[in-house]
Amino acid sequence: CKTRIMSWAEFLKPSREGLRKPEWFGFWGELYMLHSVLKPSLDYADSINSWIGVEGKKQDFTFNNSALEIKTTFSGDANMIRISSLDQLHKVTENLYLLHLHINYSNDPSALSLKDMYESIMNEIEGSDQLKTQFANKASKLYGKASDDQRETKFNFLGMEAYSVSDKFPKITSENMASAITAAKYNLNPSSLKPFLVDLNFEEVIK
């Protein structure tokens, strides 16, 4: 109860200090997965339940035997996939997929902002107070911190690559590092990851 009250207090703070750019883009990518990618294959109850990255878990979304790690890159930035911890590519499920989303600023009618997706999801789950509370509680840490400008800025989804994080996938995790090394951040070059590209069927992954 205290955790939930604190998260709502954070959400309702009148001052919005703003997200760091990686947090902003990353949060947009995770909401886009909920709103536009997973929704056609799952109802919101299951997709929101699968969203665990905001709870500090290793990956962003997890299903029975598969997990998804989402990385979102702005088209004007260097085309690198930034891995921010030893846990992000540490497999705890049978299958782990790294999804690299590409976005750009846009005023197109189809473009989406954090506010667009947040309010759309809340409207879709209007009939369930429990589900609305669960979603708001998960989103509050980042949505509550975002500035008004960050909430309202619209992006176009340009495309996505999916990589299978197999045993041969280049990664740094606690499993292949000396125990004295407790943290690491590194970049992956997508052009070197082509052997691991997969055509991901989300319905099959979810099942």
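When I say that two residues meet, or are in contact, I mean that they have heavy atoms within 4.5 Å. Keep that in mind, everyone, and let's look at the structure above, which is a predicted model.

Let's begin with the whole protein. It has seven helices and seven strands. If you read along the sequence, the pattern is α-α-α-β-β-β-β-α-α-α-β-β-β-α. The radius of gyration is 17 Å, close to the 17 Å that the globule rule gives for 207 residues, so the protein is as compact as a globular protein of that length. Along its principal axes, the C-alpha trace spans about 45 × 40 × 35 Å. Of the 207 residues, 48% count as buried.

Now please find helix α2, residues 21-38. We'll look at two of its partners.

Partner one is helix α4, residues 114-124. Two packed helices are described by the angle between their axes and the distance between the axes. For α2 and α4, the angle is about 35 degrees and the axes are 10 Å apart. Their crossing is left-handed. Which residues meet here? From α2 we have Trp 24, Phe 27, Trp 28, Leu 31, Tyr 32, Leu 34 and His 35, and from α4 they meet Leu 114, Met 117, Ser 120 and Ile 121. Sorted by class, that contact has nine nonpolar, two polar and no charged residues.

Partner two is helix α5, residues 129-143. Its axis and that of α2 come within 11 Å and cross at roughly 155 degrees. Angles over 145 degrees count as roughly antiparallel, and that makes α2 roughly antiparallel to α5. Here, too, α2 passes α5 in a left-handed crossing. On the α2 side, the contact is made by Glu 23, Phe 27, Leu 31 and Leu 34, and on the α5 side by Phe 135, Ala 139, Leu 142 and Tyr 143. By class, this contact has seven nonpolar, no polar and one charged residues.

Let's stay in α5 for one last stop, Lys 138. Is this lysine buried or exposed? Its relative accessible area is 8%, and buried means under 20%, so Lys 138 is buried. Leaving out residues up to four places away in sequence, Lys 138 touches Ile 48, Asn 49, Trp 51, Val 54 and Glu 55. By comparison, Tyr 163 is 25 residues from Lys 138 in sequence and 26 Å from it in space, C-alpha to C-alpha.

How values were computed:
Residues are numbered from 1 along each chain as its sequence is written. This is a predicted model: local features need pLDDT of at least 70, side-chain atom pairs count only at pLDDT 80 or more; totals for chains, interfaces and linings use all residues. Side-chain values use heavy atoms; hydrogens and water are left out. Axes are lines fitted to C-alpha atoms, for helices over the stretch in contact, and angles run from 0 to 180 degrees between N-to-C directions. Helices (H or I, at least four residues) and strands (E, at least two) are DSSP runs, numbered from the N terminus. Angles under 35 degrees count as roughly parallel, over 145 as roughly antiparallel, 65 to 115 as roughly perpendicular and the rest as oblique. A crossing is left-handed if the near helix is turned anticlockwise from the far one by less than a right angle, and right-handed if clockwise. Ala, Val, Leu, Ile, Met, Phe, Trp, Tyr, Cys and Pro count as nonpolar, Asp, Glu, Lys and Arg as charged, and the others, Gly among them, as polar. The radius of gyration is taken over C-alpha atoms; the globule rule is 2.2 Å times the number of residues to the power 0.38. Buried means under 20% relative accessible area, exposed over 50%, partly exposed in between (1.4 Å probe, protein chains only).
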